[in-house]
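Please open the model in your viewer and keep the selection panel at hand. The tour goes from the overall fold to a few residues and then to the pockets.

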Amino acid sequence: MGEGATTAPATARSLRLAAGWLPLMTGSGPIVATAFTALLGLFLTALITSAFLTVDGLAPAGTMTEAYAWLIASIGTGQATGTALPGAVRRGRHRRVPGHAARP
């Protein structure tokens with residue numbers, strides 16, 4: 001099995017998961033955002049399984065532990081970046097005091 005055949009399912013799942021986040025960019029309310037996030041979380045398991053199987057198929061013999069460590073590190077880095085990026089983008093455009101705290 002070639003490298004393309006090994007990575008194709010993971011790539012397709014990644015693109016579908018990324019596209020699933022697009023509705024959240026519409027500024028919908030917290031209930032809709034929570035529903036979309038929960039739905040997308042159901043598909044995250046398939047994506048991570050594909051990633052681990054891809055690493056298993058591509059890593060040279062004797063390097064499996066290091067390959068899995070790089071995969072886990074990249075997932076953590078991606079999550080941290082995805083969490084920090086919206087704050088950096090919106091810096092200066094948010095209120096210092098939440099709206100509900102400012103009400104008398």
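What follows is a series of selections, each with a note on what is there.

**Before selecting**

This is a predicted model, in which local features need pLDDT of at least 70 and side-chain atom pairs count only at pLDDT 80 or more, while totals for chains, interfaces and linings use all residues. Residues are numbered from 1 along each chain as its sequence is written, and side-chain values use heavy atoms, with hydrogens and water left out.

**The whole chain**

Begin with a cartoon view, where the secondary structure comes to four helices and zero strands, and the elements run α-α-α-α from the N terminus on. Helices here are DSSP runs of H or I with at least four residues, strands are runs of E with at least two, and both are numbered from the N terminus. Of the 104 residues in the protein, 12% are buried, where buried means under 20% relative accessible area, exposed over 50% and partly exposed in between, using a 1.4 Å probe and protein chains only. Among contacts (heavy atoms within 4.5 Å) between residues at least 6 apart in sequence, 43% join residues at least 24 apart.

**The nonpolar core**

Next, select Ala-51, Val-55, Ala-59, Ala-67 and Leu-71, the five residues of the largest nonpolar core; α2 and α3 each supply at least two residues of this core. Such a core is a set of buried Ala, Val, Leu, Ile, Met, Phe, Trp, Tyr and Cys residues joined through side-chain atoms within 4.5 Å. In soluble globular proteins, nonpolar side chains tend to be buried together. Leaving aside residues up to four places away in sequence, Leu-71 touches Ala-51, Phe-52 and Val-55.

Now move to Tyr-68, in helix α3, which is partly exposed because its relative accessible area is 25%. With residues up to four places away in sequence not counted, Tyr-68 touches Phe-52, Val-55 and Asp-56. The C-alpha atoms of Tyr-68 and Val-55 are separated by 7.0 Å, although the two residues are 13 apart along the chain.

Select Ser-50, which is found in helix α2 and counts as buried because its relative accessibility is 8%. Not counting residues up to four places away in sequence, Ser-50 touches Ala-10 and Arg-13. What lies 2.7 Å from a polar atom of the Thr-54 side chain? The backbone oxygen of Ser-50 does.

Finish with a surface view and the largest pocket, whose volume is about 410 Å³. Of the 14 residues that line the largest pocket, the closest to its centre are Leu-17, Leu-44, Leu-47, Ile-75 and Gln-79. A pocket is an open set of points on a 1 Å grid over the protein atoms alone, where a 1.4 Å probe fits and protein lies on both sides within 12 Å along at least five of seven lines; lining residues have an atom within 4 Å of a point. The volume is the space filled by probe spheres set on the points, which are joined across faces, edges and corners.

Colour α2 (30–58) and α3 (64–90), each of which supplies at least two residues of the lining of the largest pocket; α2 gives the most, with seven residues. By class, this lining has nine nonpolar, five polar and no charged residues, where Ala, Val, Leu, Ile, Met, Phe, Trp, Tyr, Cys and Pro count as nonpolar, Asp, Glu, Lys and Arg as charged, and the others, Gly among them, as polar.

Last, select Trp-21, Leu-24, Met-25, Gly-82, Leu-85 and Pro-86, which line the second largest pocket, with a volume of about 270 Å³. The lining of the second largest pocket divides into five nonpolar, one polar and no charged residues.

How values were computed. Polar contact = N/O pair within 3.5 Å; in protein donor to acceptor, adjacent residues only side chain to side chain.
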